[in-house]
Amino acid sequence: AEKDAFVVLDSLGSEVAKFDTLAEAVEGSNAGDTIEIRGNGPFVTDPVEIKGRALTVRAADGFDPVIRLSPAGSRTNIPLMTTVSDIVLEGL
């Protein structure tokens, strides 16, 4: 996986932080932020729970990211992402 491929953008589109994993980016985000994926992957992740905040997760221009559930996550029968808030997925 590519280093710093998950970039958190605030509601104005300004870059806030870069992370190596989707889980880290979700943890480092706030309501209304966008997580932009600047890499193709495949990115392997454990299940990610988005708690209490609306987010957008999207592919950056020119990228076609692939996100796969880790083998350990697959054994738990928990989906890749769970949330009770609004989430927008673009280009994944």
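In what order do the elements of the chain run from the N terminus on? They run β-β-α-β-β-β-β-β-α-β-β.

This is a predicted model, in which local features need pLDDT of at least 70, side-chain atom pairs count only at pLDDT 80 or more, and totals for chains, interfaces and linings use all residues. Residues are numbered from 1 along each chain as its sequence is written, and side-chain values use heavy atoms, with hydrogens and water left out.

**Figure 1. The whole chain, with two helices and nine strands.** Helices (H or I, at least four residues) and strands (E, at least two) are DSSP runs, numbered from the N terminus. Along the principal axes, the C-alpha atoms fill a box of roughly 40 × 30 × 20 Å. The radius of gyration of the chain is 12 Å, which agrees with the value near 12 Å for a compact globule of 92 residues; it is taken over C-alpha atoms, and the globule rule is 2.2 Å times the number of residues to the power 0.38. Of the 92 residues, 33% are buried (buried means under 20% relative accessible area, exposed over 50%, partly exposed in between, with a 1.4 Å probe and protein chains only).

**Figure 2. The hairpin of strand 1 and strand 2.** Strand 1 (residues 6-9) and strand 2 (residues 15-19) run antiparallel and are joined by four bridges; two strands pair if DSSP finds at least two bridges between them. Lys-18 in strand 2 stands opposite Val-7. Five residues lie between the two strands, and Gly-13 in the turn has a positive phi of about 90 degrees.

**Figure 3. The cis peptide bond between Gly-41 and Pro-42.** Omega of this bond is about 10 degrees. Pro-42 is placed in the loop between strand 3 (34-37) and strand 4 (43-45). Most residues other than glycine have a negative phi, and most peptide bonds are trans.

**Figure 4. Asp-4, a residue other than glycine with a positive phi.** Its phi is near 60 degrees. Asp-4 belongs to the segment before strand 1 and counts as partly exposed because its relative accessibility is 32%.

**Figure 5. Asn-77, in the loop between helix 2 and strand 8 (81-83).** Asn-77 is not a glycine, yet has a positive phi of about 60 degrees. With 70% relative accessibility, Asn-77 counts as exposed.

**Figure 6. Ser-70, in the loop between strand 7 (67-69) and helix 2 (71-74).** Ser-70 counts as buried because its relative accessibility is 7%. Apart from neighbours within four places in sequence, Ser-70 is in contact (heavy atoms within 4.5 Å) with Val-44, Thr-45 and Asp-46.
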